[in-house]
Amino acid sequence: MEGPTATEYIQHHMTHLSSMKQGVIVDFSILNYDTLFFSILMMVCMFFLLRAGTKRVTSGVPGKMQCAVEMLVEFVNNQAKTIVHGDRTFIAPLALTVFCWVTLMNAIDLIPVDLFPWMAQFLGIHYLRPLPTADLNGTLGISFGVLLLLFYYGIKVKGATGFVVELFTAPFGKHPALWAFNFLLNIIEYAAKFVSLGMRLFGNMYAGELVFFLIALLGGFALELGPVGAVSAGLGQVAAGLVWWLFHVLIVLLQAFIFMMLTLVYIGQAHSSH
């Protein structure tokens, strides 16, 4: 029995476990169960790891887990302090949550691409795409949460009246003839923040996932080259996979850091006036 072609292999691995087949570009009635499952799973893992670190807090010589958590908390808090000028009681923990959650979701891409789909086959699941941040629905969902926070802090800091007035009077001025232009520009600015925040994370993780698929395909091509060619191609696949894996560790952390920093920057802008 012949195996799947390269195109069939990639299409299979990039198909979500969904409530129904998507027939149009945008369909809000469809749920990607794999994205929801792994997103929630990584959130639970994040809370478990951070709680495990806080339960081991001691006034004496700290252990490795406590040192790691304390360094991470201090790092994120310093970033929040630099960017957001105001009450950071909720904002610093929010930034920590965003960084840890996105990091763990991105880290799923470091697991061999065939492992989870192979395990799913035993449960009768034919399609499974475990990387939530390679699903635009997932990344835009997170950025939508950030957008709601921008509205919340804008109203909290400036008041409902002040927030609405700024929508119509900034940045060009308070003249009634400029109200429509001001409002349109502010709406475009909010939309750009929402879309770019989700698209940036999605694009980088989608590209990284695709490279792993291409490297995995080298193993199938190696079988067609004979014994000597198969060994050479196999070694090349291992080397390419290891190099990209090590480089991807940086991408995983960097994208989580960028997402956290942009979240802080946008919330900091919500605290300030034009």
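Me: Why does Phe183 count as partly exposed?

Reply: The general idea is a scale of relative accessible area: buried means under 20%, exposed over 50%, and partly exposed in between, with a 1.4 Å probe and protein chains only. Phe183 has 33% relative accessibility, so it counts as partly exposed. Before we go on, keep in mind that this is a predicted model, where local features need pLDDT of at least 70 and side-chain atom pairs count only at pLDDT 80 or more, while totals for chains, interfaces and linings use all residues. Also, residues are numbered from 1 along each chain as its sequence is written, and side-chain values use heavy atoms, leaving out hydrogens and water.

Me: Okay. What percentage of the 274 residues in the protein chain is buried?

Reply: Buried residues make up 37% of them.

Me: How many helices and strands does the protein chain have?

Reply: Here helices (H or I, at least four residues) and strands (E, at least two) are DSSP runs, numbered from the N terminus. The protein chain has eight helices and zero strands. Its C-alpha trace spans about 75 × 60 × 35 Å along the principal axes.

Me: How do I read the length of a helix, say α3?

Reply: You compare its reach with an expected span, which is 1.5 Å times one less than its number of residues. With 20 residues, α3 reaches 29 Å from its first C-alpha to its last, close to the expected 28 Å. Gln66, Val69, Val76, Gln79 and Ala80 are buried in α3.

Me: Back to Phe183. With which ring is Phe183 stacked?

Reply: A pair of aromatic rings is described by the distance of the centres and the angle of the planes. Rings of Phe, Tyr and Trp (its six-membered ring) pair if their centres lie within 6.5 Å; planes under 30 degrees apart count as stacked, over 60 as edge-to-face, and the rest as tilted. The whole structure has 13 aromatic pairs. In one of them, the centres of Phe168 and Phe183 are 4.8 Å apart and the planes are at 15 degrees, so this pair is stacked. Phe168 sits in helix α6 and Phe183 in helix α7, so the pair ties together parts 15 residues apart in sequence. Phe168 is partly exposed, at 30% relative accessibility. Elsewhere, Phe37, Phe38 and Phe116 form one aromatic cluster.

Me: What joins Ala170 and Pro171?

Reply: A cis peptide bond, with omega at about 5 degrees. Pro171 is in the loop between α6 and α7.

Me: Now charges. How many salt bridges are there?

Reply: A salt bridge is a side-chain nitrogen of Lys or Arg within 4 Å of a carboxyl oxygen of Asp or Glu. That rule gives three salt bridges. One of them joins Arg129 and Glu209, at 2.7 Å from N to O. This pair links distant parts of the chain, 80 residues apart: Arg129 is in the loop between α5 (115–121) and α6 (136–169), and Glu209 is in helix α7 (residues 179–222). Arg129 and Glu209 are both buried. Lys158 and Glu166 form another, with their closest N and O atoms 2.6 Å apart.

Me: Where do Glu189 and Lys193 lie?

Reply: An α-helix has 3.6 residues a turn, so residues three or four places apart point the same way. Glu189 and Lys193 are both in helix α7, four residues apart, about one turn of the helix. Their side chains make a salt bridge of 3.3 Å, N to O. Glu189 is partly exposed at 30% relative accessibility, whereas Lys193 is buried at 11%.

Me: Over the face of which residue does Lys193 lie?

Reply: A charge sits over a ring if NZ of Lys or CZ of Arg is within 6 Å of the ring centre and within 35 degrees of the ring normal. Lys193 lies over Tyr190, 5.8 Å from the ring centre.

Me: How many residues are in the largest nonpolar core?

Reply: In soluble globular proteins, nonpolar side chains tend to be buried together. A nonpolar core is a set of buried Ala, Val, Leu, Ile, Met, Phe, Trp, Tyr and Cys residues joined through side-chain atoms within 4.5 Å. The largest one has 56 residues, and those with the most contacts inside it include Val102, Leu150 and Met260. Helix α8 gives the largest share, 12 residues.

Me: And what is Met260 in contact with?

Reply: Contact means heavy atoms within 4.5 Å. Beyond its neighbours within four places in sequence, Met260 is in contact with Phe75, Val76, Gln79, Ala95, Val98 and Phe99.
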